[in-house]
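This report walks through selected features of one protein structure, from helix packing to the sheet and the aromatic residues. Please keep the sequence and the 3D view at hand while reading.

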Amino acid sequence: MGFSKNIPEAGSFTSRPQNNRLEREDPIIGAFNRKKGIDPEVFLSYILQRVAGNLVPMAYNAGASEKGGDVCCPLSARSVRGLLPLSMFLLVFTLLLNCDCVSSYSSGYWGFTCRNSTDVERRKFGPITPGVCSEETKHLPVCECGFKMLDSCFLSRNKMLEIEKGANDFNIPIIRSNRKLVATTDGGLHSPSCLVFNSAWRVQQLEQEPHEKLNYPSSAGIQRPNNDEDIAFMSILELGQLLKANLITSVELTGIFLKRLKRYGPVLESVITITEELAYKQAKEADQLLAEGKYLGPLHGIPYGLKDIIAVPNYTTTWGSTSFKDQVLDIEAWVYKRLKSAGAVLVAKLVTGSLAYDDIWFGGRTRNPWNIEEYSTGSSAGPASCTSAGLVPFAIGSETAGSITYPASRCGVTALRPTFGAVGRTGVMSIAESLDKLGPFCRNSVDCVIVLDAIRGKDPDDVSSRDIPFRDPFSVDITKLTVGYLEDAEMEVVHVLQSKGVNMVPFNLSYTVDSVQGILNFTMDVEMLVHFDKWQRSNLDDEYEAQDQWPIELRRARAISAVDYVQAQRARGILIQQVRESFRVDAFIGNATDWEKVCVGNLVGFPVVVVPTGFKKISDAPSNDSRRRTTITTGIYAPPDRDHVALALAMAYQSVTNHHKQRPPIDDLRSNDSIPNSPKTL
């Protein structure tokens with residue numbers, strides 16, 4: 001019952017081999033299978049020769065075979081009697097060495113049921129062809145270790161054998177037939193599951209709420225700065241005002257960000273592909289439309305970057321992985337279509353951790369602009385790092401379990417993990433269909449509103465997406481809100497919001513489910529393995545950039561039964577119900593990177609805005625006057641479909657603070673670093 005790339009599939013075992021090669025070559029095993037009695041002295045002779053033959057002299061009769069080959073002759077019974085103590089020791093020692101668990105496969109003998117990890121690692125029992133078991137494993141008795149891994153040891157031996165036969169006769173043909181239909185392509189780009197997670201709490205009420213046209217604040221009177229550095233750190237609204245006032249063209253703006261991507265991208269290891277040709281083409285189109293008096297909205301002519309799990313035709317979509325680094329997908333991702341229709345200009349495909357796991361990818365490991373010695377953490381490492389360093393005005397990342405909140409917190413940028421289902425995911429590599437979300441990394445929360453408004457909506461090819469009601473965050477009366485704060489909330493945020501008239505109250509998100517983190521891991525790992533079944537079966541996980549990450553998790557996922565996966569989803573349903581009942585506030589403030597809250601938020605599907613709230617000195621600063629810092633952030637959480645509430649509170653906080661306006665010391669490098677095209681280190 002296989003759970004690893006090197007362990008045979010369930011279909012390879014037979015309950016009672018008859019007249020097979022192993023019986024013909026090993027009469028003792030043949031007698032075992034036929035349940036015949038064995039003379040103890042003959043059995044010990046067999047053990048000494050078959051198990052410990054390298055320690056006991058063997059008598060050879062050259063020319064004994066008809067063809068003149070060497071034939072091994074067994075020891076005499078008298079010799080065996082003298083070696084009885086040694087043989088018993090060798091028998092017990094060998095059993096313990098070669099099997100992690102010993103089966104009572106029949107009442108009259110011991111059966112080896114599992115091989116040790118050394119044998120597996122040496123591929124002694126691994127499939128020669130993916131999905132096909134080796135000859136050695138085809139004749140092993142039923143593996144009780146497999147039932148143990150599934151927590152099914154309550155089954156009797158006869159029931160195990162019955163299950164094995166049923167798996168061979170019934171399950172395996174269905175499994176292989178389904179695999180041919182849906183598991184021939186990795187990444188989850190095709191054939192989505194018909195089991196859909198809906199995060200809405202009040203479906204009927206929300207469907208009746210009207211959509212509002214957003215009333216964006218005015219940025220009139222903005223002047224073009226004298227240097228490109230200042231332009232690079234302007235907000236979307238400010239850049240849009242420059243474009244509308246003809247103080248800069250989209251082509252000029254695109255050139256500024258392309259230059260920064262080429263200059264700093266290699267140092268931060270944050271950029272995979274610069275889409276220069278496409279960028280200038282889209283920028284010229286944006287300028288032409290403006291010249292004709294056609295304005296598409298606040299993203300018109302604004303450069304941006306995409307996490308490289310999002311497909312764009314004619315450019316590689318590498319998923320950050322060695323296995324797929326040359327992959328070109330002829331797909332326009334839904335989110336790319338939405339941004340293109342809004343007039344935005346794609347300048348780069350940004351780093352994703354390999355297969356969207358943390359910040360390690362095939363080209364290195366992405367760094368934190370606020371401290372070049374640190375890594376960005378989280379698979380949306382490129383979008384966070386590039387936005388923080390002013391390489392793009394905004395970027396689109398994704399989160400399954402922390403990949404927006406963690407890198408945003410580490411790199412000190414404002415980011416939104418929206419309600420599950422708010423943004424369509426067609427053309428995006430999938431980890432977990434019931435968890436994956438796309439969201440923006442921006443200069444501030446106003447920019448997050450602008451981007452979410454552009455990319456939200458029902459994607460006809462993503463069955464999990466919804467046309468969620470999005471009330472105007474700029475018109476929310478925050479003085480009518482009751483907002484909770486947890487013990488780990490940044491109190492500066494609490495005090496600022498309180499000073500602006502928000503009713504702030506102590507709060508605790510209550511639930512009794514004690515396996516939240518386990519539910520998240522079960523859900524994510526099983527759904528990920530569904531999308532990368534072929535990858536694992538082809539042993540491509542051996543090429544993975546960090547062997548202690550997906551390879552181990554996805555091998556372990558092979559041992560999660562369908563029953564236990566569904567039970568985890570039922571437990572998830574209880575969690576959602578309990579969280580909904582305890583959510584007696586309009587929003588709450590709390591740590592954005594606490595793992596328990598990350599798991600709860602993603603399982604329930606509610607949104608969070610990550611906002612920078614300050615800085616502290618690093619402990620290993622290279623000098624006393626170093627500008628390197630550790631960023632401090634907090635999260636503003638709201639119920640599902642109430643993204644506008646969290647964003648309204650974030651905007652209120654940032655309207656009177658300037659932490660989000662600070663620029664990282666990107667030129668404060670390590671001694672062995674260099675910046676391309678840089679005249680000096682500042």
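## Helices and their surroundings

The buried residues of helix H12 are covered by elements that include helix H11 (228-232), helix H13 (250-268), helix H14 (276-291) and H18, where the covering contact means heavy atoms within 4.5 Å. This is a predicted model, in which local features need pLDDT of at least 70 and side-chain atom pairs count only at pLDDT 80 or more, while totals for chains, interfaces and linings use all residues. Residues are numbered from 1 along each chain as its sequence is written, and side-chain values use heavy atoms, with hydrogens and water left out. Helices (H or I, at least four residues) and strands (E, at least two) are DSSP runs, numbered from the N terminus.

H12 spans residues 236-244 and is mostly covered, with 7 of its 9 residues buried; buried means under 20% relative accessible area, exposed over 50% and partly exposed in between, with a 1.4 Å probe and protein chains only. Those buried residues are Ile-236, Leu-237, Leu-239, Gly-240, Gln-241, Leu-242 and Leu-243. After H12 comes Asn-246, which has a positive phi near 60 degrees.

Helix H18 (residues 445-455) packs against helix H25 (residues 643-654) at an angle of about 150 degrees, with the axes 8 Å apart; the axes are lines fitted to C-alpha atoms, for helices over the stretch in contact, and angles run from 0 to 180 degrees between N-to-C directions. H18 is therefore roughly antiparallel to H25, since angles under 35 degrees count as roughly parallel, over 145 as roughly antiparallel, 65 to 115 as roughly perpendicular and the rest as oblique. On the H18 side the contact is made by Ser-445, Val-446, Cys-448, Val-449 and Leu-452, and on the H25 side by Asp-643, Leu-647, Ala-650, Met-651 and Gln-654.

In helix H19 (residues 491-499), the buried residues are Val-493, Val-494, Val-496 and Leu-497, and their cover includes S15, S16, S17, S18, strand S19 (629-637) and H25.

## The sheet

An open sheet of mixed pairing is formed by 11 strands in the order S5-S7-S6-S12-S14-S13-S18-S19-S17-S15-S16, two strands being paired if DSSP finds at least two bridges between them. Its edge strands, S5 (271-274) and S16 (503-506), each pair on one side only. Strand S15 (residues 482-485) pairs with S16 in the parallel sense over 4 bridges, and Gly-484 stands opposite Val-505 in S16.

## Aromatic residues

Rings of Phe, Tyr and Trp (its six-membered ring) pair if their centres lie within 6.5 Å, with planes under 30 degrees apart counted as stacked, over 60 as edge-to-face and the rest as tilted.

| Pair | Centre to centre | Angle between planes |
|---|---|---|
| Phe-583 and Phe-606 | 6.0 Å | 70 degrees |
| Phe-588 and Phe-606 | 6.4 Å | 85 degrees |

Phe-588 lies in strand S17 and Phe-606 in the loop between H24 and S18, so their pair ties together parts that are 18 residues apart in sequence. Phe-583 and Phe-606 are both buried, and Phe-588 is buried as well, with a relative accessible area of 1%. One aromatic cluster is formed by Trp-201, Phe-507, Phe-583, Phe-588, Phe-606 and Tyr-637.
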